[in-house]
Amino acid sequence: MRAKPFTHLAISLSFLLGATSAIAAEPARPPAQSELKTMLGELWAKLRAAGPRSQSAQAASSQTVTAGIRGAEATESELKPYWKSDREQDPAYRAERAALQAAQELADAGKFTDAAKAFDAFVEAHTGSPLSSDARFGGALAQAALGDKARAIKGFESFLKQSPQHPLARDAERVLAALR
């Protein structure tokens, strides 16, 4: 008589274990189209946050800046202050930043075809620029938003190859996984 409750318990446990292993063995489903759109929207915001800001935008946020004095042995009247990495007065840098912001604004307006072209033009025109990584990422995002998976995948792979240590590299890997 004791064997029956034990048998029922053993059968119940085997069903539970079988159901648990079946759930665990179920392959991960690819993200739905709406999930991909949500991810792309989040990444546009991350790209904008990672990009350069103008002097006025930087002044509005609290930021630590490294400063120094050139000429260790100079007299006080000869000391000239400078800001490390201050490129705000450089006309070439300002033009690069404006071009990148224009491409981003096209994407913000939902004009992804024009944005993709603008990001690609930026990469070609400013190959050695530190901002070209952001433009590569933006171009790939624009292609993904247009639904061109092949070009988006190629763009994200190029971004990762050129900038594996970029703050958005993990996000690029996440989008690549979702696109594949």
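Which pattern does the chain follow when read along the sequence? In this predicted model, where local features need pLDDT of at least 70, side-chain atom pairs count only at pLDDT 80 or more, and totals for chains, interfaces and linings use all residues, the chain follows α-α-α-β-β-α-α-α-α-α. Residues are numbered from 1 along each chain as its sequence is written, and side-chain values use heavy atoms, with hydrogens and water left out. The chain has eight helices and two strands (DSSP runs numbered from the N terminus: helices are H or I, at least four residues; strands are E, at least two).

Of the 180 residues, 29% count as buried (buried is under 20% relative accessible area, exposed over 50%, partly exposed in between, with a 1.4 Å probe and protein chains only).

The count of salt bridges comes to five (a side-chain nitrogen of Lys or Arg within 4 Å of a carboxyl oxygen of Asp or Glu). Among them, Glu42 and Arg174 meet at 3.8 Å, N to O. Glu42 lies in helix α2 (residues 33-50) and Arg174 in helix α8 (residues 169-179), so this pair ties together parts that are 132 residues apart in sequence. Another salt bridge joins Asp171 to Lys46, with the closest N and O atoms 3.0 Å apart. Here too helix α8, which holds Asp171, is linked to helix α2, which holds Lys46, across 125 residues. Asp171 is buried at 7% relative accessibility, whereas Lys46 is partly exposed at 38%. Glu42, Lys46, Asp171 and Arg174 are linked in a network of salt bridges.

A further salt bridge pairs Arg180 with Glu157, the closest N and O atoms being 2.4 Å apart. Arg180 is in the segment after α8 and Glu157 in helix α7 (residues 149-162).
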